[in-house]
Structures are given as C-alpha cells and as structure tokens.
Amino acid sequence: MTGASPSIAGHVVRVAAVALAGLAVVAAATVYWGFVAAPSLAARPDNPRRIAFEQRIRRGRILDRRGAVLAASGGPEAAADPASPPARQYPVPAAAPVVGFQTWRYGAGGDPRVTYGVGGAEAAYDDALRGDLGMSWRQLIASRVLHRPLAGHDVVLTLDAGLQAQAAELLGAREGAVVVVDVGSGAVRALVSQPTFDPASLDRGAPPPDDPRRPLFNRATQGRYTPGSVWKVVTLAAALEDGLTTLDATVADGDASDTFGGFRVACDNNPDGVTTFDMAHAFGWSCNLTFARLGTALGSARYRAHAERFGLGEAPPFPLPVASGSLSEHAELPPPELASAAFGQGEIVTTPLHLALIAAAVAGDGGLPVPYLLADVPGIRWGRLADERGTWRQPIGAATAAAVRRAMVVAATDGHARPARDAAGIEIGGKTGTAQLGGSQRPHAWFVGFAPADAPRVAVAVLVVNGGEGSAVAAPIGGRVLARAVAADDAASGDRE
Amino acid sequence: MTPARVGGALAGRSGRAAGSGWRWAELGLLALAAGVGIAAGLPGAALPEGGLRLTALAPALALVAAAFAIHVSLGWRRPGADQRILPCIVLLMGLGLALSQRVAPALATRQWAWLMIGLATLAVSTHLPYELRVIQRYRYTWAILGIVLVGVTLVAGRSAVPGGPRLWLGAGGLTFQPSEVLRLLLVFFMAGYLEDKREILSAASLKLGPLRLMPLPYLAPLAAMMGVSLALLTAQRDLGAGLLLFVICLGMLYLVSGRSTYVLGGLALFVCAAWLLHHEIAVVQTRVAIWLDPWSDPSGAGYQIVQGLMAIAEGGVIGAGIGQGLPTSIPAVHTDFIYAALAEETGLAGAAAVLMVYATLFLAGFRVAVRASTPFRQMLAAGLTLGLSVQTLIILGGVLRLIPLTGVTLPFLSHGGTSIVTSAVAMGLVLRIGDEPR
C-alpha cells in the first residue's frame, strides 16, 4: 500500500473551494430571485399566486351610511374551487360608479388568464377591505406566520343607497350624472353616472373595453362638460365679492343687446315684456347680457383668478379618479370669450362633482368642502385611512355666499329653476343651465341647487348629457333628489338621536 | 479556510472517534436532523379540526428509526467514519419526504420506499466486507459496463412521457435511470485508471510551445470512455447527465494532475461541443433560448422556469409556510424544481439552511478525500463527492436561471429512486473510506 498523496489532497482542497463558491453563487441567485426581483415577479399578471392568495381573503363588505350592503363576498369556503371564484355581490347596481368593482378577470379583453382587479371604492379602500390596514406590524407578522384566515374590514361609505338608487332611476336611460354632497362636511351622499355597469358581471367579461357607451367612465367625476348658465353662480359670486354689483342693483337689459369684440349678446331668457329687474332676477331669469357685462367688468385676469379660486383647473382631493375643469386655452381671454365664459359658454368645461361643490360653497359659508366618501371603518382606529376632509377652497366670504344663496332662492321661486322647487315640494335654491354645444347637437341640461332654502344641508348637481332645456329636464330631477336627500338626512339625524 | 477546518468547525470534533466511545456528534446532529424532518411533516399531518393524523407521520418516523439504526451500526463497525455525513443525508431525506407529501402526495409512498432503500444501500455499501481495491481492480469492467448500459438504454429504453427522451430501463413497474448509474461507474473507472497512470499524467512529456500536454496514448482510454458515454447521452438527449459526466471527468483529471491546462483544454473542448450541439440539436437551441429569455413566452416554452422563479419570489425571507404556497403550479416540481418548492414554502431561510447542509455534506466528503490513506481512496472519495456537488450545482443553477436548465435531480431531496440509491452508494463509500486505517 502506498501512502496518501499530498498533491491530490491539495487539489481536493481547491476543488472543494470551487464547489463551495458554486453554492455561494446559488445562494446569491436565490436571494436575487427571492428578494431583489421578488416584487416585480409577484406583480406579474400571470402569477397564479396573486389570485390564489386573494381568494383566501374574506373581503370586507362595503356599506352605505345606514348599513345597507353595497358589496359583499362569499366566505373562504366558497373560494375552495379556483375554477369558479366567489362572485362578489353588489345588491345596489346603481352604486356601481362609486363602489366600483372587484373582479378576478380584470382586463379580460386582452388576457384570458384570470387576474385580480379593482376599481372605485373597492380600489380606494382595498387595504382595509383585504384586512391589511389597521394591523400593527406584530399582528401582520403573526397573521402571516400563523396563517390565520385573512378577514377584511367592513367599510362604511357616506353614500345613501336609497338616494343613489332614486337619482339613478330619475336619470333613467339618459346619459348623465347626479352628485349630492353634504353642505357642511362635503360628505358625498350620492354620485350617479349613467350609463353604468353591473359590477357583478365583470367576472364574465362584460362590458367590453371598447363599449361605445363607455359604461366604466365616471361622468360625475371625470366627465368635462360645458356648464352653461349654472356657471353664472360663480360669475355672480365673483362680482358680489368684488363689490361690482348688489342683488338689488337695477338691471335694464331685458330687450337690450351689446357686442363684445364683435360678439353680439342679448338677454335671451327673460319673460316677454319684463325689461327692467333687479340683479337677483337677472340671475333667476338667466340674463346672458347682464352676466357678459359683469364678466367684462371684472376683466380677464380677475375673472380667471376668481374661477381658479373656485377650483377651476384643479381636481379636488377625492378617493375616486377626478378630472379638472379649465377656463380657456388663452391666458388672456379675448372679449368674446370672456363674455361667453361669464355665462358658462365658450371654452369653459368642468365636472358635475365640481359644480356640486360650488353649490355646497354658496349654500354654506362660501368654502368649497373637500368631498369625501369614507364614513367609518368599524374596529379600526382613525389614521391614514380616513379621506381628507375640510375646506378645499374659500373663494368668497359668508356674506357673499348668503347673497348668492338668496339669488338662487329667487331663481327657484320666480325664475327658471321653479320646476325644481315644484318637484321638491319644499323651499329650495337653484340654478338651471342649458349648455349650447353648437352644430346640431342638443344642449346639455343642467341644474345645481341646495335645500332647505333657509338652512341648506344638501347640495346637488344634475347633468343630462344632450338632454335639452335645463329647466324642463334637469330641474325636476334636481328637485326630487333634494327633497329625498333632506328627508334622508332627517331620518339619519333621527337615527342618531 | 481549508475544507478540513471548515468541516472541523461545523462538527466540533474530528471525524475519527478513535475508540473514545460513542459517536456523540453524529447522534446529536442526527437528533437535530430527525427533528427537522418530522417537523417538516407536521403541517401535512395536521387535521383541519385540530390534532394530528399520526399515520401521516409514520413514514418520517420509520426513516428516522432506520437512520438511528445506521448510526448504531456505524459506531459498532465503522467508528472512524465521518460523523456529519449521515445527519446531513437524513435531514435532506426528511425534508424531501415532507416536500414529496406536499407537492406530489400520490407519489409520496413510493418516494418513502426509495428513501428507505437508499438508507439500506448506504448501510450495505458502508458495511460490505470487501476491500476497496476491488473497485480499483475491475476499473475496465466498470467502463465497459457503463457503456453497455447506455447502449442498452438507447435500444430498449423507455420514455417517461410519450415521445420524450428514452432515459429509463426496466420491466413492469420497476424502472431505473441508467445515466445515474453511469455517473457512479465513471467515477469508479476514473479513480482506478487515473491513480494507475498518476505518475505519467503528472509528468510533462509533451510540450507544445508554452503548453504542456498530457501524454496522448494514456489519454486514449479516458477519451474513449468519455466520448462514447457523452455521445450516447447526446443521442438520448439527456443533456444534464452528459454535462455532469463531462465535468466529473475534467474535475478528476484536475484532482490527479493539478493541471489547470487540462481544465482549460476541457473547457475549450466544451465550448466547441456546445457550439456544435447548439447547431445540430433542436432541443439544445430551445433550452438556450429559454434560458436567455424565458419572459418572451412565459405561458409556453418559458412556463416552467418562470413559474419556478415566481415560486422563489413568493417565498420571501421566511417563506409562505409548508402547505401554504402554490408550488404545484410548476411542472415537474417534485423532481427538477423541488428547490423552488422549498424556497416558496420555507423562504430564503429554508433555502439557505439546505444550501448549508449541502455545503457541510460536500466539505465532509472532500475532507475524507484529503485524509484518505491511499491515492486511490483519495481519488474515489473526491470523485464521488465531486459528482454529487456538480449534480447539485447543475440543477440549482438551472432552476435559478444561472445556466440553461437540464434535468438532473437534486441529491436526496428530489423525487427519483435511481438517484437516491446511487447517491446513497456514493456517500456510503465515502463513509467507508473515512474509516480506513491511516
């Protein structure tokens, strides 16, 4: 027997070192895929784990302000069969524009594989609904390590399911939007957009992404429309705030007309034979000439400043996607455009939500509230969970707001907004609008208002796209919605007492 | 740090008990390994309404009992054998059994039976009363046997899936994978042959400019054995086994000669062969394309590797927990991709622990080689350990997209009877070499 070879032993040591280095590279690669690249891999839509793990969660319910169920899921036992994921129930289909959807088949048009998608409040409060929120880090680790069944939190919205359903019903098959906000707080009581979708049907792939009716598009928060005469609320408030006029000022524009940079404007909307009236009635009868004069008197720069103080050009903070309006593409408005903008025509566009906030501002102390949707998450301490609240913009003082309010009550009593008051059956303030679109298009019918007239609690904006006359089409809807909203508010206060 | 020192630090005492009584280090580590193996099986045995289904733990308990029996037999007959090897193997087997019950419950009993046979094989190859020189004496027999084996498979082999590579031999329900056996036979042959020609191979007798080459005539039998087996494996499309054999040959050439020239020459040869294979064989092109970009076809060609990486990503640091992940979305998760399942359910922590167990096992094997009493035993122990290490690195590298994926098993952890038995023979021999008189 020969002795051991020291040279072989040396080579073995080197080979062992190489093998060890190989294992070290393997360990580094494991850390790379398991830690560094993990987030992007986990987020891939074709990762079957996403849906498998989501289905283990018992997702929280979405409730309206009085506890009515807007969305609810089956339990985890219903999720045992991955081939038929538990359908989330949406008992109030009219609430779809607010509640949104939760689906296992989001983007079904392009990708046949099942994935998880959310929209609306389902997306905005996903953390709470899935149960991630409100846990301390210790609870999070414990629930992960011990594999506790995940239960989400219920989310209570400010929405009023009955009001929402009624507003949607009043719009009917017409394209349009209704927004109701609480005057003092900015709590959103109803937010309707038509046509809308059935959230429960998204798992079956409906509606197609290229549906020409655009049912997934939220007209109340994202639609930009010419406001027409409802914008006179802003022009009046700006002129009163700057002391250019008073409600009692005499206006003799009834059968007059004037040109603004070659653009001829007449009063147009006053009753036949009534040629001289006060400013409140000029507003109530929606006299275009008077408002063109007010806008021109304010001037381009001041008018723009006022409009921007009212929030035009910026989107209010809100848990759902919101579009912002705009005044004009010109920095300095040419005389015809300034005159048109003053009575809500021309380049100016904004959203129904924005106009509801303006109505809430004049119905209150002059401040536009921050609109919010989340009332409560029972069992969770308040924190980063809550929607932002408070005053978004303070364009005018309380005195100016009171004056505009009075003008709107006049409009609802003597003016074109009368059909709204008749429909409501209670004293209200309001303003109609008929936004001319040019060409052969039917105008947009608008109404903004508040109720009750003496101490407003709710404000509304109603839009019927290509609906015709605001006074005939939008005002009755607005009136009924206001009456219902006040009644619901009384009932809710009764509940609390 | 030399492997010996690394190993010594891990075990706390040297391999040889030298009549100092019981093998306490092995017993302690074995208890640890048994605990891990049984604990890994607990989630599978847990009943939804609370409590445990003890019958589900029976296989793991039987495995542990067999391991303790081997421990006792080692203390009695092989007191000098390395004390880390058995616990490492038992830990991997226990985890493998638990993962098998988790991801392929229908095959778990079969896997358990193979693990028990593996432990029995380990005991037999450690205890059989033959001289190791027998292996050296019949070196050419091993070579011929290996070539015949592959040849027979080529003619009469079966495929696991219709139309797939015909890698299996057998009759009835019993099949085995000849390429796994070939790996063992190759190490036997090379250890014997290279030890025989060691003096000649180490001396430089042929100079070609700055290069010093091995005397060509002595390379011929080696090249023949290698060439024939590689060619046969290529014909079979068993690329993983081909790569494994090639690296073992190069590694053992280096072990005997210490010449990096051989390694470099081998690598050059490998590059040429790889280029040729890439041009000639469609399956190589596919594998390389998937390796370079699995993302372009994640639901088709790249599905397995992408699903494997997603599983590893899901694991994070502590893992989803055994039974809580979704590793069954990976095709062949119980064989080639067992590591992805491990990483998903036990996280980086579990994967790192298993890698350290492999490191400990390999270092123990190489340490036996360093300390072995004759050059042949050194070559044999080092070659057998090298085979296991290279196999481990090839499959882990493939799963982690470090190299193109080729299907070989992860020693002791993957599903696969032949692999368990041949790996057990290898480690049994290493245990035996460790106990030879110094």
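The model is predicted.

Chain A has 497 residues, of which 52% are buried. Its secondary structure consists of 18 helices and 17 strands. When contacts in chain A between residues at least 6 apart in sequence are considered, 69% of them join residues at least 24 apart.

The contact between the two chains draws 37 residues from chain A and 46 residues from chain B. On the side of chain A that touches chain B, two or more residues come from each of helix H1 (6–36), helix H2 (38–42) and helix H3 (48–54) of chain A. Of these, H1(A) gives the most, with 22 residues. By residue type, this side of chain A comprises 24 nonpolar, ten polar and three charged residues.

The largest nonpolar core contains 138 residues. Helix H15 (residues 338–371) of chain B supplies the largest share of the core, 20 residues. Leaving aside residues up to four places away in sequence, A:Val12 touches B:Leu255, B:Phe366, B:Ala369, B:Val370, B:Gln378 and B:Ala382. Another core, of 134 residues, lies apart from the largest one. Among the residues of this other core are A:Val179, A:Phe277, A:Ala420 and A:Ala475.

Notes: Residues are numbered from 1 along each chain as its sequence is written. Chains are lettered from A and ligands numbered from 1 in the order in which they are written. This is a predicted model: local features need pLDDT of at least 70, side-chain atom pairs count only at pLDDT 80 or more; totals for chains, interfaces and linings use all residues. Two residues are in contact if their C-beta atoms, placed from the backbone, lie within 7 Å. Helices (H or I, at least four residues) and strands (E, at least two) are DSSP runs, numbered from the N terminus. Ala, Val, Leu, Ile, Met, Phe, Trp, Tyr, Cys and Pro count as nonpolar, Asp, Glu, Lys and Arg as charged, and the others, Gly among them, as polar. A residue is buried if 20 or more other C-beta atoms lie within 10 Å of its own, exposed if 12 or fewer, and partly exposed in between; C-beta atoms are placed from the backbone. A nonpolar core is a set of buried Ala, Val, Leu, Ile, Met, Phe, Trp, Tyr and Cys residues joined through C-beta atoms within 7 Å.
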